[in-house]
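Okay, thanks for letting me jump in.

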Amino acid sequence: MKTILAAYSGVKKGSGSSILSALHDLPSVPWLTQSKIMKYLQVISVLQFVITFLAMGIGCSLLLMYMFCTDCWVIAAIYTAWLIYDWNTPKQGGRRSTWVRNWTVWKYFRDYFPIRLIKTHNLLPSRNYIFGYHPHGIFCFGAFCNFGTEATGFSKIFPGIKPSLATLAGNFRLPVFRDYLMSGGICPVNRNSIDYLLSSNGTGNAVVIVIGGAAESLHCTPGMNSVTLKKRKGFVKLALKQGADLVPVYSFGENEVYKQLIFDDDSWWRMVQKRLQKILGFAPCLFHGCGLFFPESWGLVPFCKPITTVVGEPITVPKIEEPTQDVIDMYHAMYIRSLKSLFDNYKTRFGLNESDTLQIQ
């Protein structure tokens, strides 16, 4: 009893860190050991990200519609008016929040896998960049943690460079969720938004595009080293039109955190997935991780597999307002060679074999 009172006293006197310290000082409760508390916090931080990604947008949309049918309709009307007024903000650099990007919860998120960011070359703040991120994985954990938060210290590793992670434009039509995304420096993956960041926002900008997109997520499973890139040339054209350097980025371990049921390309289920992908903008993957309380069971919690994101050497790109297809193809081929070289140089350091190769689809 005295131990519990002492812990309570520490909570009243201190801040959030005091709460954790107080819990650490409870020897009479065997399940509240320091290592277990840290693990629970890590699991909760990852699970809240997954649930937020899957349900926050739809949930807030339904809540807003419900509020119009209640006495709170004035609040709903005011927010809707604000939403209309603020509609184009995501296309104009968004509304980044340093406070949100530095939330402590992202550090627990990072440590769950864990996630690391590796720099191979310096980036000049006097230039703009397009990062090509590979592979997509199921939830792009590495992309979000490294470029949507400061958990891995991006601003310290690349001083003077401001990352903007590009995601589905449809997410920015969802109330509240759009503001949550913008606070992390996340922007729509469309031409208007990317053009603004690379032409009207000064220099030192890095737009991070998950090149393979939804189509690539359908092939993500442990042991798979494959990226959808062969016909993806739009990002190269954008880089040429804006004179932004291309930077290949590969996350080792991104495909290992979930197990997915992969259907044959000519199967009926794959046809359904591709059709829904075109309608919804994202691929409805059939995947599973581990359970919240029982790691041996199936659930939404990803497996604890390390994710290491390696940022490669930038490819200097000239500014050409109307690049020809031959020029686009030339820089696209250069990008593929650079990505393969990055993969080959680092694969054995992060659990792969020398014989493993990167498949370009």
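So, UniProt puts a "transmembrane region" at residues 40-58, and that comes from an unreviewed entry. UniProt positions are in the numbering used here, feature names are shortened, and annotations may be inferred rather than shown by experiment. In the model, residues 40-58 are 100% helix and 0% strand, with the end C-alpha atoms 27 Å apart. When I say helix or strand, I mean DSSP runs, H or I over at least four residues for helices and E over at least two for strands, numbered from the N terminus.

Some housekeeping: this is a predicted model, so local features need pLDDT of at least 70 and side-chain atom pairs count only at pLDDT 80 or more, while totals for chains, interfaces and linings use all residues. Residues are numbered from 1 along each chain as its sequence is written, and side-chain values use heavy atoms, with hydrogens and water left out.

Now, α3 (34-67). What is the distance between the end C-alpha atoms of α3? They're only 43 Å apart for 34 residues, short of the 50 Å a straight helix would reach at 1.5 Å a residue. That expected span is 1.5 Å times one less than the number of residues. There's also a kink of about 50° in α3, centred on A55; the bend at a residue is the angle between axes fitted to the seven residues ending there and the seven starting there.

α3 comes up again at the largest pocket, where it gives the most to the lining, seven residues. The volume of that pocket is about 1400 Å³. Of its 50 lining residues, F53, T167, L168, N171 and F282 are the closest to the centre. Elements giving two or more residues to the lining include β3 (162-167), α12 (234-242) and α13 (268-280). By class, you get 33 nonpolar, 15 polar and two charged residues. Nonpolar here is Ala, Val, Leu, Ile, Met, Phe, Trp, Tyr, Cys and Pro, charged is Asp, Glu, Lys and Arg, and the others, Gly among them, are polar.

Points are joined across faces, edges and corners, and a volume is the space filled by probe spheres set on the points.

How many cavities of 30 Å³ or more does the structure hold? One. The largest cavity has a volume of about 40 Å³, and its lining includes R95, R96, S164 and M182. That lining splits into three nonpolar, four polar and two charged residues.

Next, a sheet. β8-β9-β10 is the order in an open, three-stranded sheet with antiparallel pairing, where pairing takes at least two DSSP bridges between two strands. β8 (259-260) and β10 (298-299) are the edge strands, each pairing on one side only. β8 and β9 are joined by two bridges, with K259 opposite H288 in β9. β9 (residues 287-290) also has two bridges to β10: G289 partners G299, and C290 partners W298.

Most residues other than glycine have a negative phi, and most peptide bonds are trans. The F113 to P114 bond is cis, with omega near 0°, and P114 sits in the loop between α6 (105-112) and β1 (115-119). H134 and P135 are also joined by a cis bond, omega about -15°. P135 is in the loop between β2 (129-134) and α7 (141-147). C140 is in the loop between β2 and α7, and C140 has a positive phi of about 55° although it isn't a glycine.

Methods: 1 Å grid on protein atoms, 1.4 Å probe; cavity = no way out; pocket = protein on both sides within 12 Å on 5 of 7 lines; lining within 4 Å.
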